Amino acid sequence: MTTFRKIGVLTSGGDAPGMNSAIRAITRSALARGVEVVGIYKGYTGLISGELRDLTAAEVEHIGSTGGTMLYSDRCPEFKTEEGMAKAIETCKKNHIDGIVAIGGDGTFRGATDLSIRGIPTIGLTGTIDNDISSSDYTLGFDTAMNTVLAAADRLRDTCESHARCEVIEVMGRDAGYIALQTGLAVGASAIFVKECPLEVETCLERLKALRAKGQRSFIVIVSESMGPDFGEALVSRIQNEAGIDSRFIRLAHMVRGGVPTLRDRLFAARTGDFAVDLILKGESNLVVVEQDGALKTVEIKYALMLDRMYKGKLKDGDLDSFTPAQVEEMKAFCARKHAEFNDMMDVANTLAKA
Ligand code: ADP
Ligand code: F6P
């Protein structure tokens, strides 16, 4: 069994508030156990090019309260090639990196699996504002992102109320409507558009007209990015022209990815960061740390990726062949529960919006 002397940490894919808190936790947890930590800059790009620097307890001490990632992030197509992978392995060997904690989303986990099967023990930590790692009830950055949407929506509500307007707010979520759903419910949106649970535009228009007829001055409508690039602006025109309500559109976009991480994200980062170090020092690999029913658990990355595909209805022929029938049943039940939770929350949002 490997005697771990040095582990690496990297952040990859879209950044998320709380990544710095996770870097702090991983660094200090490892140092406390006598293991050195090397920061790998710019995700897999830095692993290929050897952009590394040892991290000290002191330099990570105060980073937990900052957004972004001090290790920077990148998207690295070269890492998906055999040549890129060979260079990354070489960097690990040359710099005596005995294991890696990779913080990111599903793309990052695919890379982590590739490293694991080539002999570099790697553990994945979720770091994505979209909350779209299906095997985890929560992903790092989600809470901060939602609080940013909340603050923006509250301000927009003020001016909408003054001017008797509707604000259509588009929020991030390339493939997932979690941010839209939960912020929509929290801000009292009159309608929420997400891919997972379609709402007819006509239904929204009728609802807005009915609410206006009852005297409601201002309206917030939340649209997930996953509805497509032109959906929000087209919706504004229809609200304006067909419901007769003065409307504006705003795309919050990357604004929602920055900012000071909330308590929820800092706690999640501290707990998962320490857990990841524990796992790696126990010789575990090819796992992602997830939260289920409030407890931290691990699932194999392969399992997490397939569960994700199942949840999103994107399974291809043969995808489930390497899983046991019991695992497949477990995955199906898990997805059914998650879909039901999503739909229940949308039902509440619709009920509250219609009154
Ligand atoms: P996220 O991790 O947020 O989903 P990306 O999908 O952009 O973000 O993935 C981050 C990085 O992970 C990619 O730039 C690439 O270096 C690596 N990666 C993504 N997919 C794969 C893959 N199939 N095999 C190996 N590495 C991958
Ligand atoms: O991190 C995920 C995400 O925030 C998606 O919701 C969004 O589509 C994407 O990142 C945009 O990332 P970028 O502009 O950095 O490529």
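User: What separates the centres of domain 1 and domain 2, taken over C-alpha atoms?

Analyst: The distance is 34 Å between the two centres. This is a predicted model, in which local features need pLDDT of at least 70, side-chain atom pairs count only at pLDDT 80 or more, and totals for chains, interfaces and linings use all residues. Residues are numbered from 1 along each chain as its sequence is written, chains are lettered from A and ligands numbered from 1 in the order in which they are written, and side-chain values use heavy atoms, with hydrogens and water left out.

User: How do you know where domain 1 and domain 2 are?

Analyst: The bounds come from an automatic or database domain assignment. That assignment gives domain 1 as 6-141 + 261-301 and domain 2 as 144-258 + 340-354.

User: What makes up the contact between domain 1 and domain 2?

Analyst: Domain 1 puts in 13 residues and domain 2 puts in 12, where contact means heavy atoms within 4.5 Å. About 1,000 Å² is buried between the two domains, and carbon and sulfur atoms give 51% of that area. Buried area is the accessible area (1.4 Å probe) that two parts lose on being put together, summed over both. The count between domain 1 and domain 2 also includes one salt bridge.

User: Why is the pair of arginine 257 and aspartate 15 called a salt bridge?

Analyst: A salt bridge needs a side-chain nitrogen of Lys or Arg within 4 Å of a carboxyl oxygen of Asp or Glu. The structure holds 25 salt bridges.

User: Why does the pair of aspartate 132 and lysine 312 count as a salt bridge too?

Analyst: The closest N and O atoms of aspartate 132 and lysine 312 are 3.9 Å apart, and the limit is 4 Å, so this pair counts as well. It links distant parts of the chain, 180 residues apart: aspartate 132 sits in the loop between β5 (122-126) and α6 (142-163), and lysine 312 in the loop between α11 (301-311) and α12. Helices (H or I, at least four residues) and strands (E, at least two) are DSSP runs, numbered from the N terminus.

User: How do you know how helix α7 and helix α12 pack?

Analyst: Helix α7 (residues 178-187) and helix α12 (residues 325-354) have axes 9 Å apart, at an angle of about 35 degrees. Axes are lines fitted to C-alpha atoms, for helices over the stretch in contact, and angles run from 0 to 180 degrees between N-to-C directions. The crossing of α7 and α12 is left-handed, a word used if the near helix is turned anticlockwise from the far one by less than a right angle; clockwise would be right-handed.

User: Which residues of α7 meet α12, and what makes the contact nonpolar, polar or charged?

Analyst: Tyr178, Leu181, Gln182 and Leu185 in α7 meet residues of α12, among them Lys338, Phe342 and Met345. The contact divides into nine nonpolar, one polar and one charged. Ala, Val, Leu, Ile, Met, Phe, Trp, Tyr, Cys and Pro count as nonpolar, Asp, Glu, Lys and Arg as charged, and the others, Gly among them, as polar.

User: What is set apart about tyrosine 72 and histidine 96?

Analyst: Tyrosine 72 has a positive phi of about 60 degrees although it is not a glycine, and it lies in the loop between α3 (57-60) and α4 (82-94). Histidine 96 has a positive phi of about 55 degrees, and is not a glycine either; its place is the loop between α4 and β4 (99-104).
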